[in-house]
Amino acid sequence: MNPVTLEKLVALCKRRGFVYQSADIYGGLNGVYDFGHLGTLLKQNITSSWRQAMTRTDRGDMLLFDGSILGPHAVWEASGHVQGFHDPMVDCLACKHRYRADDIDLEKACPHCGKKEWTDIREFNMMFQTNLGAATDKSAIAYLRPETAQSIYINFKNIISTNRVKLPFGVAQIGKAFRNEITPKQFLFRMREFEQMEMEWFCKPETAAQDFEYWVEQRIAFFAHVGIKKENIRQYEQKPHERAHYAQRTIDIEYNFPFGWKELEGIANRGNYDLSQHTKFSGKELGYFDEATNQTIIPHVVETSIGIDRLFLTLLFDAYTEDVVENEERIVLKLHPRMAPIKAALFPLTKKLSEPVEKLYKDLKRKGYSVQFDETGSIGKRYRRQDEIGTPACFTYDFESEKDSSMTVRNRDTTFQERISIDQIETYIKNLTQ
Ligand code: ATP
């Protein structure tokens with residue numbers, strides 16, 4: 001079996017309409033991508049699995065949130081992003097190429113032009129800044145959020161006064177984030193515009209350590225649920241000098257990418273840093289009144305934070321397989337059926353048999369199933385088309401079907417085929433995703 005490479009995935013994503021380079025016809029926008037039909041469906045499956053996993057917690061309540069993308073200067077000053085959210089940057093004076101200083105060896109020559117003429121290392125703030133309205137003074141400065149979490153912290157008072165929640169409880173949010181990465185790379189791994197799924201778990205200080213362990217376990221279970229191979233996931237506990245100064249513990253869930261083990265999700269016990277900072281900077285008390293002790297406390301926060309796009313890329317890497325079926329090489333995405341953008345494809349053996357199959361297809365679509373109808377090309381070709389996009393089951397209607405009211409179902413991974421009664425097809429598809 002040939003190993004999966006980034007190039008193969010990028011090509012597949014473009015060929016089959018999962019992901020396109022943004023503004024391609026104008027030369028492309030570096031680090032920004034558009035998602036096509038299948039990519040959008042895969043993203044939807046990712047977000048709905050995450051939302052389900054989050055809201056299923058038996059520990060306490062889980063609330064949903066959808067904050068704004070623009071935030072005023074004051075928010076990002078309080079959060080520490082204005083002062084601290086930067087990467088070290090260095091330029092080659094000879095060819096003007098720009099690098100993240102921690103990405104290259106400055107003792108060596110520029111990998112682009114071969115000369116060794118480096119500028120000093122400068123800190124580069126990664127937030128996208130803009131101005132609100134016509135004013136240009138500091139009060140008009142706003143930023144596109146580099147993470148979704150802050151909008152939850154600054155709404156803490158609104159959230160507790162409108163939801164009748166008791167500690168512990170969580171707030172889960174899915175939304176866009178923007179980082180002006182110096183060198184966006186590895187396709188969806190490091191983008192300038194991306195989407196995050198973040199959950200802030202507010203708890204009493206005395207349960208934070210235990211709740212942190214709980215969420216690490218939950219997140220590991222989530223990766224199994226979406227079908228990622230266990231051996232490709234590991235936990236990396238950040239050393240004290242690596243983690244943010246306020247974080248009491250941070251575990252990165254890493255994936256074994258072809259370019260090395262890299263962070264897929266970060267889980268952090270953030271203490272009460274965030275709510276304390278916003279209390280200090282806004283002058284508004286962001287505490288929680290604990291009826292049991294008659295005291296106001298500042299809750300501690302356990303955060304889980306993952307990029308949808310990074311998980312998307314991970315699922316593709318994990319699923320991408322090249323094998324040989326009936327002496328023919330094929331590419332197959334062995335996605336968990338839950339994640340597969342198309343759950344089933346329906347084929348008439350010849351165009352003459354299309355009518356009953358189209359009827360079944362329309363019926364399944366009306367009921368909300370993500371299915372495709374394909375009547376062109378040989379059955380083998382149609383299988384390959386579906387294998388490449390990860391469709392778990394293909395049903396073929398042949399001349400026998402007219403007599404026995406059955407179709408042949410073919411399994412994507414094993415290519416095993418069997419007859420199935422047409423009235424069982426809906427249940428078959430439903431069972432795939434459970
Ligand atoms: P890295 O070290 O990989 O840059 P980070 O520590 O800066 O990540 P966090 O701030 O912890 O990342 O962000 C949480 C999650 O958001 C990451 O685990 C990742 O899944 C996702 N993420 C962060 N930056 C990007 C990006 N530029 N493109 C795509 N996803 C990202």
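The ligand is surrounded by 16 residues, the closest of which are Glu-181, Arg-190, Met-191, Glu-263 and Gly-307, where a residue counts as near a molecule if one of its heavy atoms lies within 4 Å of it. This is a predicted model, in which local features need pLDDT of at least 70 and side-chain atom pairs count only at pLDDT 80 or more, while totals for chains, interfaces and linings use all residues. Residues are numbered from 1 along each chain as its sequence is written, and side-chain values use heavy atoms, with hydrogens and water left out.

**The ligand and its shell**

- The shell around the ligand is made up of six nonpolar, four polar and six charged residues, where Ala, Val, Leu, Ile, Met, Phe, Trp, Tyr, Cys and Pro count as nonpolar, Asp, Glu, Lys and Arg as charged, and the others, Gly among them, as polar.
- Strand 11 (193–203), strand 14 (260–269) and strand 17 (300–307) each supply at least two residues of this shell, and strand 14 gives the most, with four residues; strands here are DSSP runs (E, at least two residues), numbered from the N terminus.
- A polar side-chain atom of Glu-263 lies 2.6 Å from an oxygen atom of the ligand, and an N or O atom in the side chain of Arg-179 is 3.0 Å from a ligand oxygen atom.
- From the backbone, a polar atom of Leu-264 is 2.9 Å from an oxygen atom of the ligand.
- Taken alone, the ligand exposes 590 Å², and the protein buries 79% of that, with accessible areas coming from the Shrake-Rupley method with a 1.4 Å probe.

**Aromatic pairs**

- The structure holds 20 aromatic pairs, meaning rings of Phe, Tyr and Trp (its six-membered ring) whose centres lie within 6.5 Å, with planes under 30 degrees apart counted as stacked, over 60 as edge-to-face and the rest as tilted.
- The rings of Phe-169 and Phe-202 have centres 5.4 Å apart and planes at 35°, so this pair is tilted.
- This pair links distant parts of the chain, with Phe-169 in strand 10 (residues 169–178) and Phe-202 in strand 11, 33 residues apart.

**The second largest pocket**

- The lining of the second largest pocket includes Ile-160, Arg-164, Tyr-288, Phe-289 and Asp-290; a pocket is an open set of points on a 1 Å grid over the protein atoms alone, where a 1.4 Å probe fits, with protein on both sides within 12 Å along at least five of seven lines, and lining residues have an atom within 4 Å of a point.
- Strand 15 (residues 288–290) gives the most to this lining, with three residues.
- By class, the lining divides into six nonpolar, no polar and five charged residues.

Technical notes. A polar contact is a pair of N or O atoms within 3.5 Å; within protein, one must be able to donate a hydrogen and the other to accept it, and residues adjacent in sequence count only if both atoms are side-chain atoms.
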